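Below are my notes as numbered points, to read alongside the structure.

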Amino acid sequence: MDLNNKVAYITGGSKGIGFGVAQKLIAAGMRVAISGRTFKSVQKAAEYLGDENQVLALESDVTTLAEEQKAVAAIIARWGQLDVVLANAGVGHFAPVDEMGEEQWLQMIHTNLNGVFYTLKAAVEALKKSKGYYMTLASLAGTNFFAAGAGYNATKFGVVGFTQAAMLDLRKYDIKVSTIMPGSVATHFNGNEPAEKDAWKIQPEDIGELVLDLLKMHPRTLPSKIEVRPSRPDLK
């Protein structure tokens, strides 16, 4: 894919992995829309990333299909196309299954699982026109279960299964579909404050480099499920 002036949409793009990916895509010549639930934080991130010709700030809650449809319509209105979508927005709550609250459970289901469907549903016709690329941000928790992770595991296992099935459904339209499954990443996830203590972890910009690698790969080849983990977890 020739990336110059291509258009990407990243959900949950105001910080963490989404922000790191946006930085790399803009540096590669792409135009990027980022969304989040609070416009003020998204706008602040967009101002840091670039000017209005490069970045579009959108307020959208991925748990609502209508809001994602509105976001995609705004992107098309601004730039006339949509080539790449990264469904990145996600939340995590961790507790033993007998202690997990219904509200926490449903928030993960609505954001992590319903969200990837709503984002794709809103964008799929635009991606058919551009023969574009749809990616989801899953996790190694989508293949490795662990204690106190029942809710998070359930959603990330679901994201992996959803994305792989979507890949089979959409490749006839020349839409490429991949899921990225990181291990520990230095982000604000689950209340973490990134600092020197997180130097051993994957950095958000590393995921950005991975996304660029996928976009630049020859179209005959599709890495449909990518696991990525810290090289030296013993350094923590």
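1. A definition to begin with: a salt bridge here is a side-chain nitrogen of Lys or Arg within 4 Å of a carboxyl oxygen of Asp or Glu. By that rule, the structure holds seven salt bridges.

2. Some ground rules before the details. This is a predicted model, in which local features need pLDDT of at least 70 and side-chain atom pairs count only at pLDDT 80 or more, while totals for chains, interfaces and linings use all residues. Residues are numbered from 1 along each chain as its sequence is written, and side-chain values use heavy atoms, with hydrogens and water left out.

3. Have a look at Glu209 and Lys24, whose side chains meet in a salt bridge with an N to O distance of 2.9 Å. This pair links distant parts of the chain, 185 residues apart: Glu209 sits in helix H6 (residues 204–216) and Lys24 in helix H1 (residues 16–27). Helices (H or I, at least four residues) and strands (E, at least two) are DSSP runs, numbered from the N terminus.

4. How open are these two side chains' residues? Glu209 is partly exposed at 35% relative accessible area, and Lys24 is partly exposed at 25%. The classes work like this: buried means under 20% relative accessible area, exposed means over 50%, and partly exposed lies in between (1.4 Å probe, protein chains only).

5. Which residue forms a salt bridge with Lys131? The partner is Asp174, with the closest N and O atoms 3.7 Å apart. Here too the pair links distant parts of the chain, 43 residues apart: Asp174 is in the loop between helix H5 (150–170) and strand S6 (176–182), and Lys131 is in the loop between H4 and S5. Asp174 counts as partly exposed at 45%, whereas Lys131 is exposed at 51%.

6. For context, most residues other than glycine have a negative phi.

7. Asn5 also has a positive phi, near 70°, and is not a glycine. Asn5 lies in the segment before strand S1 (7–11) and is partly exposed because its relative accessibility is 40%.

8. Glu227 forms a salt bridge with Arg229, the closest N and O atoms being 3.3 Å apart; Glu227 is partly exposed at 40%, and Arg229 is partly exposed at 45%. Elsewhere, a network of salt bridges links Lys197, Asp198 and Lys201.
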